[in-house]
Structure formats: structure tokens, C-alpha cells
Amino acid sequence: MTTEQFFIENTPAVLYGEPSDTLWLFVHGQFGRKEEALPFAEIVAPDAQVLSIDLPNHGTRQNRDEEFAPWTAAPELTRVMAYARAHWRATNVRATSIGAYFARLAFAAPEKALFVSPIVDMERLICDRICAAGITEQILRERGMYPAREGDMLSWDYLCWVRAHPAKDWHCSQYILYGENDSMTDLATIRTYTAKSGAELIIVPQGEHWFHTPEQLAIMVDWECKHK
């Protein structure tokens, strides 16, 4: 498959596939990297190309003292989508986990979106983690930071930013693949989002937030093939 590595301003990017009028912008999740887009590119070829970037502090950008946060990732994705819309006639989005949240912060709806384990309500996720940590919002506000049960840190500034910058409502063709044992987003939250957006929801029995077993990956590939 034709592969081109380049930069969109200062953001490292990779483009897969032969020239086409249609592009898929691939947005990885936490701990991901731009090269994760290759298997999806092989699915959509030759009908479309796939453009993927390394988000801050990921892939080739690790250990650069960059902050992986919505206020750093979303502006970059805004620029990347502007580049995409300037070079392709139709642009779709394939995003995973927090990548879906960043995309909805960054730009208006594409023609089509495929979301795997998307975080669709970041405020709700943070509030749930505050409760799980056994504290209140008042305590978090007073302390600024507090260790979460998952091992990372809860941040009052992060919660305030999320509340001040709501994600955009997308009303396009949306398809969601969701594991019934997703530890980041509960089923009620996903159903609320799908009811509002009209997204088609597929629930994978015994599926987790991270699709990684051979069975889960096979389901994901079949789903991607159906909606490419």
C-alpha cells in the first residue's frame, strides 16, 4: 500500500492509499499511534485514503513534554480537518475512545463517523471517577488534583475546561461499536448519545473498552467492512 509520511504544520501524519476523492481521518485513542490506521486503510482501499496523525505525547511525539489534553489535541485536529477538507471532496472519521471526544471538540460533523468505544460524555466520565475516588467536587476544587482509583490524577482545571467547552453535536451517519463491559462509558450514557444523535449502536457481548482479543478484533473488522 502506498504510504506517505509528512507533517501538517508541526503534526506528524501518515497518508495511506492511492489517490481518491474520499478520505477517512483516523484518530487514535490514549496510548495509540498514527500507524494503527493501517489495517483500516487496507479495508477501505482502493475506494478511499486514510490520514492519521500522532496526537500529543503519542507515537513519534513521546517524551517531548507535551500535554495529552483536549486543549492541545483539539486545536491540532481542527487544523488537520481543515487540511483534509481542502484536499479531498468527502471526509469521514474513524475514531477510538478519547479520539472520538477530541474529534467532536475539534470540528463540525463529517460525512460519516465510525466510533469504537467512544467517550461521548467526558463530564459524566470525570464525575463518575470523582465518585469512585470517594470524594466530592468541592474536595477536588480545594485540592486541585486528586488520585483516581484507576491510578492517574483527577484535575479540577480539566473538569472546568470540559464544562466550558462542550463537544459539538454531530448529526451525520454515525456508527458505534461498544463493548458491554466498557469501563469508561456505561450503557445508559451511550444510549443517551445514540438517541440524540441517531447513531447506530452495536453492543459486543463481553466486549471491553479496549478491543484486543482475536474475537473482538474480528468483530471490529467485520463492522468496519460493513460501514466503510
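Tutor: Start with Trp-170. Its side chain reaches the backbone oxygen of Phe-107 at 3.0 Å, a polar contact (N or O atoms within 3.5 Å; within protein, one must be able to donate a hydrogen and the other to accept it, and residues adjacent in sequence count only if both atoms are side-chain atoms). This is a predicted model: local features need pLDDT of at least 70, side-chain atom pairs count only at pLDDT 80 or more, and totals for chains, interfaces and linings use all residues. Residues are numbered from 1 along each chain as its sequence is written, and side-chain values use heavy atoms, with hydrogens and water left out.

Student: Is Trp-170 buried or exposed?

Tutor: Trp-170 lies in the loop between helix 6 and strand 9; helices (H or I, at least four residues) and strands (E, at least two) are DSSP runs, numbered from the N terminus. Contact means heavy atoms within 4.5 Å. Beyond four places in sequence, Trp-170 is in contact with residues including Val-93, Arg-104, Phe-115 and Ser-197. Buried means under 20% relative accessible area, exposed over 50%, partly exposed in between (1.4 Å probe, protein chains only), so Trp-170, at 1%, is buried.

Student: How far apart are the C-alpha atoms of Trp-170 and Ala-108?

Tutor: Ala-108 is one of the residues that Trp-170 contacts. The two are 62 residues apart along the chain. Their C-alpha atoms are separated by 6.8 Å.

Student: Which residue is the bridge partner of Ile-176 in strand 10?

Tutor: Strand 9 (residues 173-179) and strand 10 run parallel. They are joined by 5 bridges. In strand 10, Ile-176 has as its partner Leu-201.

Student: Which residue in the turn between strand 1 and strand 2 has a positive phi?

Tutor: Strand 1 and strand 2 run antiparallel, joined by 6 bridges. Phe-6 is paired with Ala-13 of strand 2. The two strands form a hairpin with 2 residues between them. The phi of about 55° belongs to Glu-9.

Student: Which residue of strand 4 stands opposite Leu-15?

Tutor: Strand 2 and strand 4 run antiparallel. There are 4 bridges between them. Opposite Leu-15 stands Leu-51.

Student: With which side chain does the side chain of Asp-54 make a polar contact?

Tutor: Asp-54 sits in the loop between strand 4 (49-53) and helix 2 (70-87). Asp-54 is buried, at 0% relative accessible area. Beyond four places in sequence, Asp-54 touches residues including Thr-11, His-28 and Glu-76. At 2.7 Å, the partner side chain is that of Lys-34.

Student: Why does the pair of Phe-26 and Phe-40 tie together separate parts of the sequence?

Tutor: Rings of Phe, Tyr and Trp (its six-membered ring) pair if their centres lie within 6.5 Å; planes under 30 degrees apart count as stacked, over 60 as edge-to-face and the rest as tilted. This pair is tilted: 6.4 Å centre to centre, 45° between the planes. Phe-26 is buried at 4%, and Phe-40 is buried at 1%. Phe-26 lies in strand 3 and Phe-40 in helix 1 (residues 38-44), so the pair joins parts separated in sequence by 14 residues.

Student: Which residue caps the N-terminal end of helix 6?

Tutor: In helix 6 (residues 156-164), the buried residues are Trp-156, Tyr-158, Leu-159, Trp-161 and Val-162. They pack against elements including helix 4 (122-132) and strand 8 (153-155). At the N-terminal end, a side-chain oxygen lies 3.3 Å from the backbone nitrogen of Asp-157, and it belongs to Ser-155.

Student: Which cysteine sulfur is nearest to that of Cys-160?

Tutor: A disulfide is a pair of cysteine sulfur atoms within 2.5 Å. The whole structure has 0 disulfides. Cys-160 is in none, and the nearest cysteine sulfur, 11 Å away, is that of Cys-127.

How values were computed: Pairing = 2+ DSSP bridges.
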